[in-house]
Amino acid sequence: MPSSCLCDTFDIEAQGGDPAAPDPAATDTLAPAEAPAPAETPAAADTTPVAPQPGANIQAHDTPGFDESQAPDTKTDLTGLFTEKPQSGEVAVGENINFVAKVNAASLLKKPTIKWFKGKWMDLASKSGKNLQLKELYDRNSKVYTFEMQIIAAKPSFAGAYRCEVSSRDKFDSCNFDLTVHGGLMASGSGLPCPPVSSFCASASKSQVKSEPDEDVWEILQKAPASEYEKIAFQYGITDLRGMLKRLKKMKKEEKKSEAFLKKLDPAYQVEKGHKMKLCIEVANEDVDVKWLKNGQEIQSTGRYIFESVGNKRYLTINHCSLSDDATYTCVVGDEKCTTELFVKEPPVTITSHLEDQMVMKGERVELECEVSEEGATVKWEKDGVELTRDESFKYRFKKDGRKHVLIINEATKEDCGHYTVKTNGGESMAELMVSEKELEVYQNIADLTVKAKDEAVFKCEVSDETVKGIWYKNGVEVKADARTNITHIGRIHKLTIDDVKPEDQGDYTFVPEGYAFNLSAKLNFLEVKIDYVPRQDPPKIHLDCMGHTADSTIVVVAGNKLRLDVPITGDPAPTVVWTKGEKVKLLVFLSKGDGRLHVESTKGHCIFTIEGADKQDEGLYSVIVRNPAGEDKADINVKVVDPPSAPRILSVGEDSCVVQWDPPKSDGGNPIIGYVLERKKKKSYRWMRLNFDPYTDTTYEAKRMTEGVEYEMRVYAVNAIGMSCHSAASQPFIPVAPTSEPVGLCVDDISDTTVSLKWRTPEHLGSSELDGYGVEYCKEGSDEWVPAFEGLTERTSVIIRDLPTGEKMQFRVRAYNTAGPSAPTSLAQAVTIREIMQKPKIWIPRILRQTLIKKVEETINLVIPFQGKPRPVITWSKDGEHLNPKQVSVRNSDTDTILFIRKSERKDSGKYEVKLQIENVEDTASISIQIVDLPGSPEKLKIMDVWGFNVALEWKPPKDNGNCEITGYMVQKADKKTMEWYTVYELYRRTNCVVADLIMGNEYIFRIYAVNMVGLSLEPCFSADSAYIQKTGFEYKPPIYKEHDFSEAPKFTHPLVSRSVIAGYNATLSCSVRGIPKPKVTWYKNKMDISNEAKYRMFSRQGVLTLEIRKPCSFDGGVYMCKAVNASGEDAVECKLEIRRKYP
C-alpha cells in the first residue's frame, strides 16, 4: 500500500513490511566495536532504554530490552557486501538520528549503488529535504564507502520498518532495520502513530465518501470474471494480486469428508491491519489435542497468539494483525488437518487535503492539487465522469510528489470547464473549474493634469489584470524612459512620471494595454508662472487636487478602505494647517485623544489627512484652513462613505442551484448603484469564486452549477461609477439539495371492509440528502381534501391504513420526504372501493411436497403450505382420516400460509396428511405423504450351507424390520478365529446367499452379516452359528530358518539439489531425494544457518523426496542452501546455490 508524503517534511507513515516479521534472509553483521559482551546478566538484558537528551544526535545501535521477535536477524551473512550494517534505533520526538552502512569496495569492479527504503518498496532517494539527509563518503586508503541516512526532527509518523540495499554489477546485499519514535500518540496495540485528527474529518464539501459494509475480497474474486481482477485489486488495495490468485486456485479444491473435524476452517478469511482475528474449528473428540501451524511451522503461544479450548471447539486468536500474519494457517488433529488462508487488508487510501474550486482566464495554467493518506497511492482523475489520460498533445499532466497528486492543464480553454474528480479506493474529491474569457476592467482611469514648470506630473491608471503590460504614447509617439521620464508597472497599477516638467512636455498622453482594443487618454497642460521678485510675503493658497475637483467636491470612499486627502498648498512663509469637520471641531482634538485611525501630516507644499478603515461615522464636511502672516485660505471637502450591501439571504435551494436575495446598501456614495457582483465558496474552503463579471442590476440572483450535497456560502459587492464596495458579510451556510423523485410502483396489496394495504418502491433518484421517510394521504373520490393516513412519516415501503368507511371509493397517494421537502406525489390509477373481495380458496403445494417426503427418525419436520382465499378460510389438518395429536404435532396458521411442525419425528408419524381450506361452502383440499425411516433390523438365521476347497457357501433370511424402507443390500464379513479380525467380503450384496472364496487352508472362520438400507447399517449383525474349517491337503510345510538380516543403512542422497535462478516475488522450491534406514532426520540450512524454525520456509518429506518451499522470495533470499540427513548409521548432505533475479530488469 502507498505511504505518506516525504517531500520536504519527511512526513511518512509505517507501511509495507511489518517490523514484527522481518525477512529471515536479510541478516545483519555487527561491527566489532558494537558486538555484545560474551556474557550478559538477565538484569542487564531487561533494562529499560533511557530516553535520549533533547537535541542529541543519536547513532542507531542495539537497544537493551528490545523485543527479539520485533528485531531483524543479526546473524552473519557470508555472502554479503556490507562490512557494517545500519542497526535498529530509538529516538524521541524532535530528536535527530543517523543510520550508517559501510561497504568495502576493494573487490568490486565498479562503485556500489545504495538505496534506502521505507517499508517494502518506498524509495527515499527523492525525499531528501529538511527532515531527511542522505550522505556518501569514500576513504581512498581503506577503499571503504560510508553511506549515511540522517533523520532530522523525528516525528511519530517516521516510525516503522526500513531497508538498505547495496548492489554492484552481479552482487547484491540488503538488510532490514527499525526506527522507534517515543513521545508520539500511538494507536492502541498497533505500534503505528495515530494519524492527525484532521485526516478523519474530511468535509462533505470536499468529498462524497460512501460508507459501505465490509466485503469479503476472497468471495468477490471467486465470483468475478478474470477481466475484473485488476479493477478489484485497485478498489480494495490489493498489492499482491498474482499471489492471491494462486492461493484462490488452491481454495477451489473440494475437501474430503473428515472424521476428526465436525467443522473446518473456511477456505479464507480477511482482517483489517491492526485488528484481531479469531479462527475456530470443532472437533469430534473433546479430549483431543490440536496443533496450529503457520506456513507449515508450529505456532507457539505468545501475547499475540492465544489458544483456547471450549468443549469441542478450538480457537486461535491473533491480536493486532500485521502484514507478517498474511499466511497459510493449518489446524492438525492426529493425521487430519484443515487449512485456510488469512489475508491482512491494509486500510483504504483516503483523501486528507481536497481539491479546491478554481476560476481562471482562458490560456492560464491550471493546477488541481490534493493530498492522500498514503505515499505512492494510485489515484484516478475524471472530468465529468470520464477518466482522464495522457493524450498525444499532452493536454493533461499528472504529477505525483509523495502524498501530493496534481493535475496540470497547461493552457486552459472553454472546453476545460467542468467538474474534476480524483478517486482513491477509500474516497473521492470533486472541484469545479470555470474558464472565462479575458475581459480587462479599468478600476482607475488616467486624469488630465495641469502643472507648473519644474513640478512633477504623474499619470496613473489601474486595470483588473496584474499580468497585462502596456505602452505609453505622447501625441501618438511611444514614450521611452529617460532621466526625467519614469515608467513603472506594479501589480495592477501603471504609472508614467515626468520630473521637472518643461513646456515641451505638454500634449496628449495615451496608455494602450497590450492585447486589448482600447486605450486610456489624458492631457497634460503646462502652467506658465512668471516669477517677479517682490520683497513682501505671499499669502497662503490651497490648490485642490489636480484631478479637476472643486472646493465643494465630494470624495467617495468605500467603507473599510483608507481615506487619504492630499491637498497642495503654497505660501511664504510656510503656512500652518488646521483641519476641521462639521461644526468647526478641530480634528487635532481627536488626535490628542489617541484615535489611532486619524493621521495629519504636513510637508513642503502639501498637507495630508488620512483615516484608516473609514466607516459611516467618518462621513461629513471636512474643512482645511491654511494661515500665515500674509493671510489665510480655506477649502471644504465633502466625504461620503459607501456601505456594503447587507448579508445575502438564501430564499430557496435546488439540486444544483440556489436563489439568493439581499438589501441594497444604505448609502450609494453619491453615485447611483449600477449593479452587484456575487461570489460563492465552499464552506471549508478559503477561495471565493466570482459568479458574474458584469454588474447584476437586481437584488435577487439564481446561482447555478453547484454540487449537490456540498455546503456553500455567498457574499455580494455593490458597484457604482466610483468602484466596488467592500464585500458584505457571508450568508448562512446552505446545501444545494433537491427533493427526491416520486415513489414508484404504488399498488394495493390487500383490501378488507375497513383497511387497505399499500406498497411501493423507493424513488429512482434520491440525491445526496438522506431520505427522511414517506407520507401517505387519502381522500374520497371527487374531493380535494387530502387527509394524512397517520401522523409523521414512515420509513417502510408498505403500510396498512385502517378505520376506512366501508363501501366508499377512496383515492390514495404517497410522497417521499427529505431535507428539501416533499417529492411529487404518486397516486393510484383509479379509486379503490373499500370492500373485501371474495377469493376462492386455493392451496399451493410446493414442488418438493408433491412426492413422498422422506425423513429420518428424530429429524424435525416443518411443512409450510401457502394458500390464498378471502375472507380468511377455516383450516383443518388430518392424518389418515383422523385428527392430529396436538402433543406430537403443532399447527400454526396465518393469513397466507399454514405450518405443520413436528420437533422429533417418530416412525408412527408416517402416513398421509390432509389439509382442507373452507370459506362458506367453497373448499379446497390437498394431501402430503410423509415417510419416517430408520435403521433396519439384523438379518436372521445365517447358516453355513457347504464347505469345499477354499470356499464356503452362506445363506440367511432378510430382517423382519426393514426400517420402513427398502433393504438395499447386505454387508458380509469374515474373521479368522485365531485373530478375530473382521474383513469385509461383500460391501453391498443384493441376494440372501453368497459364496466366500479364497479362504486360507488350515484356518477356521466365522461369519457375520449386516442389513443395509438408505439410512445405514443395522445396529447389530447376524453371526453364523457354526464355524467353517478349511482342511489341509495332507502334507505339512516346514518353513526354512533364516538369519535375521540387518537392513540398517546410512543416509545417502540419491538425487542432489540443483542450483536455480528464480524471479523475485514468485514461490520457489528446492527438491532432492534421500534414502536411509532407519528414517534419517532432515535439517535445512541457508548459508550454514539453520532455517527449520523460520516462518518464510516450508519443508515437506514424501516417500524420501525432500522439498523446501521459499514463499515469495526477495533479492536477499539468495545464497547457498544445504540439506543434511542424519541417522544412527551416519549422515550425508547436499547443497546448491539459489540466485534471485529482479522482477523488472
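# Why do we call it that? Reading a predicted model

Residues 24 or more positions apart account for 65% of the contacts in the protein chain with a separation of 6 or more. Keep in mind that this is a predicted model.

Q: What share of the 1145 residues counts as buried?
A: That would be 42% of the protein chain.

Q: Why is W292 called buried?
A: Its relative accessible area is 3%. Buried means under 20%, so W292 with its 3% gets the label. You'll find W292 in strand β14, residues 291-294.

Q: Which residues is W292 in contact with, once neighbours within four places in sequence are left aside?
A: The list includes L265, L279, I281, F307, Y315 and C331. Take Y315 as an example: it sits 23 residues from W292 in sequence, and the two C-alpha atoms are 9.7 Å apart in space. How can the pair still be in contact?

Q: Why is N893 called partly exposed?
A: N893 has a relative accessible area of 35%. Buried needs under 20% and exposed needs over 50%, so 35% lands in between and N893 is partly exposed.

Q: What makes the link between N893 and T898 a polar contact?
A: The two side chains come to 2.5 Å. The cut-off for a pair of N or O atoms is 3.5 Å, so a distance of 2.5 Å passes that part of the test. T898 is also among the residues in contact with N893 beyond four places in sequence, along with R872 and I875. P866, 27 residues from N893 along the chain, has its C-alpha atom 9.9 Å from that of N893.

Q: Where is N893 found?
A: N893 belongs to strand β67, which is part of an open sheet of four strands in the order β62-β64-β68-β67.

Q: What makes β62 and β67 the edge strands?
A: Each of them pairs on one side only. β62 covers 839-843 and β67 covers 890-893. On average, neighbouring strands here are turned by 20 degrees against each other, direction ignored.

Q: How do you know that β62 and β64 pair?
A: They share three bridges, in the antiparallel sense. Pairing takes at least two bridges, so three is enough for β62 and β64. Looking at one residue, I843 has F867 in β64 as its bridge partner.

Q: Why is the link between E462 and R492 called a salt bridge?
A: The closest N and O atoms are 3.4 Å apart.

Q: Are E462 and R492 buried or partly exposed?
A: E462 has 17% relative accessible area, and that is under 20%, so E462 is buried. R492 has 32%, which falls between 20% and 50%, so R492 is partly exposed.

Q: What makes R484 and D505 a salt bridge?
A: The N to O distance is 2.9 Å, and the limit is 4 Å, so the Arg-Asp pair R484 and D505 counts. R484 lies in the loop between β33 and β34, and D505 in the loop between β35 and β36, 21 residues apart. With 22% relative accessibility, R484 counts as partly exposed, whereas D505 counts as buried at 7%.

Q: Why does the pair K1124 and E1131 count as a salt bridge at 3.8 Å?
A: The limit is 4 Å, so the Lys-Glu pair K1124 and E1131 passes with 3.8 Å. K1124 is partly exposed, at 26%.

Q: How many salt bridges does the structure hold?
A: There are 34. Some share partners: K294, R304 and D325 are joined into one network that way.

Q: Which residues have the most contacts inside the largest nonpolar core?
A: In this core of 28 residues, they are F99, W116, M149, I151, Y162, C164 and L179. Elements giving two or more residues to the core include β4 (96-104) and β10 (171-182). Another core, of 23 residues, lies apart from it, with A260 and Y305 among its members.

Conventions
Residues are numbered from 1 along each chain as its sequence is written. This is a predicted model: local features need pLDDT of at least 70, side-chain atom pairs count only at pLDDT 80 or more; totals for chains, interfaces and linings use all residues. Side-chain values use heavy atoms; hydrogens and water are left out. Axes are lines fitted to C-alpha atoms, for helices over the stretch in contact, and angles run from 0 to 180 degrees between N-to-C directions. Buried means under 20% relative accessible area, exposed over 50%, partly exposed in between (1.4 Å probe, protein chains only). Contact means heavy atoms within 4.5 Å. A polar contact is a pair of N or O atoms within 3.5 Å; within protein, one must be able to donate a hydrogen and the other to accept it, and residues adjacent in sequence count only if both atoms are side-chain atoms. A nonpolar core is a set of buried Ala, Val, Leu, Ile, Met, Phe, Trp, Tyr and Cys residues joined through side-chain atoms within 4.5 Å. A salt bridge is a side-chain nitrogen of Lys or Arg within 4 Å of a carboxyl oxygen of Asp or Glu.
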